[in-house]
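Please look over the sequence and the structure shown here before reading on. The report that follows takes up the strands and then the ligand and its surroundings.

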Amino acid sequence: MKGIVFTEFLEMVEEKFGFVTADAIVQDADLPSGGIYTAVGTYPHAEIVALVVQLSQKTSIPIPSLLQAFGQHLFPKFVQGYGGFFQNVTDPFVFLSSLENYIHVEVKKLYPDAELPSFDSHFPDEKTLVMEYRSARGMADFALGLLEGCLTHFQDPSTITREDLAPNGSHTRFVLTRP
Ligand code: HEM
């Protein structure tokens, strides 16, 4: 997993729970990297899982809620860091339907070792976008937070429903509906 995910996660933990908690989860997660991340480095996916598990134990907040909050936190950072993807885009459905064949493709060019999910998207009608998420890393809760962050960014009142198609967060159908 790319270092940017870790640096942003630890920044969110510091912001929401303070430095002491951020430091404690890094110590207690017993990480091969020692918890020293650079934005362009690549680290085992298991480390983000270990950090989230520690944070959940320390805060008593369930893991899915923490992953969702992290997605909400990360989306505006993507807007800041990758402004090019947002030029001339005013519609979140247009943006999201380009995720699989444009945005994550460009991300993969930037970071060839990025481990990205797949999204199968289609419009059953003009008010509805269906996005089917698949990933061996099972980060559907994180995906939901990113989708919510995206709607917030575009100030879009659409609603999101989710249907888990596998028990471990590895296959989930999201349905976004315009009012
Ligand atoms: C400008 C927009 C975006 C950029 C630059 C971007 C970039 C990235 C990067 C760098 C990673 C980490 C890959 C790794 O660590 O190896 C990632 C992972 C991920 N991205 Fe995106 N992303 C964007 C938008 C989105 C959106 C809108 C979603 C919507 C659900 C999304 C879903 C995910 C998920 C769920 C993962 C975790 C990996 C997995 O599930 O297997 N991304 N993305």
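## Strands and their pairing

Two strands are said to pair if DSSP finds at least two bridges between them, and strands themselves are DSSP runs that are numbered from the N terminus. With that in mind, and remembering that this is a predicted model, one can turn to histidine 122, whose bridge partner in β2 is valine 130. The two strands concerned are β1, which covers residues 118–125, and β2, which covers residues 128–134, and they pair in the antiparallel sense over six bridges. Together β1 and β2 form a hairpin, with two residues between them.

A second hairpin is built from β3 and β4, and here six residues lie between the strands, with glycine 169 taking a positive phi near 75°. Strand β3 spans residues 159–164 and strand β4 spans residues 171–177, and their antiparallel pairing runs over six bridges.

## The ligand and its shell

Where in the protein does the ligand sit? It sits in the largest cavity, and of the 27 residues around it, those that come nearest are Lys2, His104, Glu115, Tyr133 and Ser135. The residues of this shell divide into 22 nonpolar, two polar and three charged. Several helices contribute to the shell, for α4 (63–81), α5 (92–97), α6 (99–110) and α7 (140–153) each supply at least two of its residues.

## Contacts with the ligand

Which protein residue is a donor of the iron atom of the ligand? The only protein donor is His104, through its NE2 atom, at 2.1 Å. Histidine 104 belongs to helix α6, and a polar side-chain atom of histidine 104 also lies 3.0 Å from a nitrogen atom of the ligand.

A polar side-chain atom of tyrosine 133 lies 2.6 Å from an oxygen atom of the ligand, and in the side chain of arginine 137 an N or O atom is 2.8 Å from an oxygen atom of the ligand.

Terms used:
Residues are numbered from 1 along each chain as its sequence is written. This is a predicted model: local features need pLDDT of at least 70, side-chain atom pairs count only at pLDDT 80 or more; totals for chains, interfaces and linings use all residues. Side-chain values use heavy atoms; hydrogens and water are left out. A residue is near a molecule or strand if one of its heavy atoms lies within 4 Å of it. A polar contact is a pair of N or O atoms within 3.5 Å; within protein, one must be able to donate a hydrogen and the other to accept it, and residues adjacent in sequence count only if both atoms are side-chain atoms. On a 1 Å grid over the protein atoms alone, a cavity is a set of points where a 1.4 Å probe fits but cannot get out, and a pocket is an open set with protein on both sides within 12 Å along at least five of seven lines; lining residues have an atom within 4 Å of a point. A molecule sits in a cavity or pocket if more than half of its atoms lie within 2 Å of its grid points. Helices (H or I, at least four residues) and strands (E, at least two) are DSSP runs, numbered from the N terminus. Ala, Val, Leu, Ile, Met, Phe, Trp, Tyr, Cys and Pro count as nonpolar, Asp, Glu, Lys and Arg as charged, and the others, Gly among them, as polar. Donors are N, O and S atoms within 2.8 Å of the metal (3.2 Å for Na, K and Ca); water is not among the atoms, so sites may look incomplete.
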